[in-house]
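This report walks through a fold, its core and its ligand shell. Please keep the sequence and the model in view.

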Amino acid sequence: MIRVTLGGEGVAALRPGAEGGYLKMRFGDEEGIKPPVRSYTIRRQDAESIEVDFVVHGEGGHAGPAVEWALTAQPGQVILAGGPGPAKTLPEGMDRYLIAGDMTALPAISVNLERLPADAKGVAAIEIQSAEDRQDIAHPEGVEVIWLVNPEPGTRPDMLADALRKAGRGEGEVHGWAAAEFGSMHALRAYLRDECGLDRDHLYISSYWKHGEDDDGHREAKQADGVLAG
Ligand SMILES: Cc1cc2nc3c(=O)[nH]c(=O)nc-3n(C[C@H](O)[C@H](O)[C@H](O)COP(=O)(O)OP(=O)(O)OC[C@H]3O[C@@H](n4cnc5c(N)ncnc54)[C@H](O)[C@@H]3O)c2cc1C
């Protein structure tokens, strides 16, 4: 993960509480060429700056323009970004929260866990590339955080859903939140929506990228699939 701090007039004008929302960042400024645009979550915000965490992937050839940029970004360099899109927050007052995501969703999950009341209960399964990717994230004591290591992201679509299934749905009013690779999203949707019976009001689910496709291909697949949200 590479953490980048962004400032500037636009950032200073962001309303407080933009954490967890996402930016559409533009990687390229060649005249006449439509720049690649990628979505990134605002991990932290203060009066003058925001932080964005880039998952490093595809080193040695298959990294996309966003990662290429993050790997070489220098202090003072300019990047254009639109947004923010709204954070997909967890509603308060649920009996149990079932949360899952890979490293691309770790910034959004971290913000959500920080905002939950201290007596909240549930489980958060997070897929990371290596044990060193674990982060010390603040979370209510009653929310168990499970770290799952998969060095090859996108190759184990059942990993997150299986972890939630093992933890169990639990009783009462349950809210699900999941964002991950496209195949993982499918498995999570099958578990949370179909097995646990969570309806639209009790479930946010989204794919954040697709194994073997750049973001344009991912968005096409997402549209064809009619993903519930995000
Ligand atoms: C709402 C939203 C919020 C997001 N927030 C974040 C965030 O805070 N941090 C973050 O890192 N990502 C985040 N993402 C995911 C990020 O937008 C994608 O991973 C994006 O495709 C990366 O762009 P790229 O230019 O690096 O790669 P692309 O050009 O899109 O893809 C190039 C190749 O890399 C592969 N690839 C893309 N992402 C990954 C990955 N994570 N792991 C392994 N292979 C990958 C693709 O399958 C493709 O083969 C978010 C996505 C959404 C929709």
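A residue is called buried if 20 or more other C-beta atoms lie within 10 Å of its own, exposed if 12 or fewer, and partly exposed in between, with C-beta atoms placed from the backbone. Leu 164 counts as buried because it has 25 C-beta neighbours inside 10 Å.

This is a predicted model, in which local features need pLDDT of at least 70, side-chain atom pairs count only at pLDDT 80 or more, and totals for chains, interfaces and linings use all residues. Residue numbers start from 1 along each chain as its sequence is written.

**Leu 164 and its surroundings**

Leu 164 sits in helix 4 (residues 159-167). Helices (H or I, at least four residues) and strands (E, at least two) are DSSP runs, numbered from the N terminus. Leaving out residues up to four places away in sequence, Leu 164 touches Leu 98, Ala 100, Val 123, Ala 125 and Tyr 191. Contact here means C-beta atoms, placed from the backbone, within 7 Å. Asp 199 is 35 residues from Leu 164 along the chain, and 17 Å separates their C-alpha atoms.

**Overall fold**

The protein has six helices and 11 strands. Its radius of gyration is 17 Å, which agrees with the value near 17 Å for a compact globule of 230 residues. That radius is taken over C-alpha atoms, and the globule rule is 2.2 Å times the number of residues to the power 0.38. The C-alpha trace spans about 55 × 40 × 35 Å along its principal axes. Of the 230 residues, 35% count as buried. Among contacts between residues at least 6 apart in sequence, 64% join residues at least 24 apart.

**Two domains**

The protein divides into domain 1 (2-85) and domain 2 (96-225). These bounds come from an automatic or database domain assignment. The C-alpha centres of domain 1 and domain 2 lie 23 Å apart. Nine residues of domain 1 are in contact with 10 residues of domain 2. On the domain 1 side, one of the touching residues is nonpolar, four are polar and four are charged. For these classes, Ala, Val, Leu, Ile, Met, Phe, Trp, Tyr, Cys and Pro count as nonpolar, Asp, Glu, Lys and Arg as charged, and the others, Gly among them, as polar.

A nonpolar core is a set of buried Ala, Val, Leu, Ile, Met, Phe, Trp, Tyr and Cys residues joined through C-beta atoms within 7 Å. The largest one has 52 residues, of which Ala 178, Ala 180 and Leu 188 touch the most other members. Helix 5 (residues 182-195) gives this core its largest share, six residues. Both domain 1 (2-85) and domain 2 (96-225) supply at least three residues each to this core. Partners of Ala 180 include Ala 100, Leu 160 and Leu 188.

Helix 3 (residues 106-115) is largely enclosed by the rest of the structure, because eight of its 10 residues are buried.

| Strand | Residues |
|---|---|
| Strand 7 | 96-101 |
| Strand 8 | 122-128 |
| Strand 9 | 143-149 |
| Strand 10 | 174-181 |

**Ligand shell**

The ligand is surrounded by 29 residues, the closest being Thr 41, Val 55, His 57, Gly 64 and Ala 66. By class, the shell has 12 nonpolar, 11 polar and six charged residues. At least three shell residues come from each of domain 1 and domain 2.

Notes: Near = placed C-beta within 6 Å. Contact = placed C-beta atoms within 7 Å.
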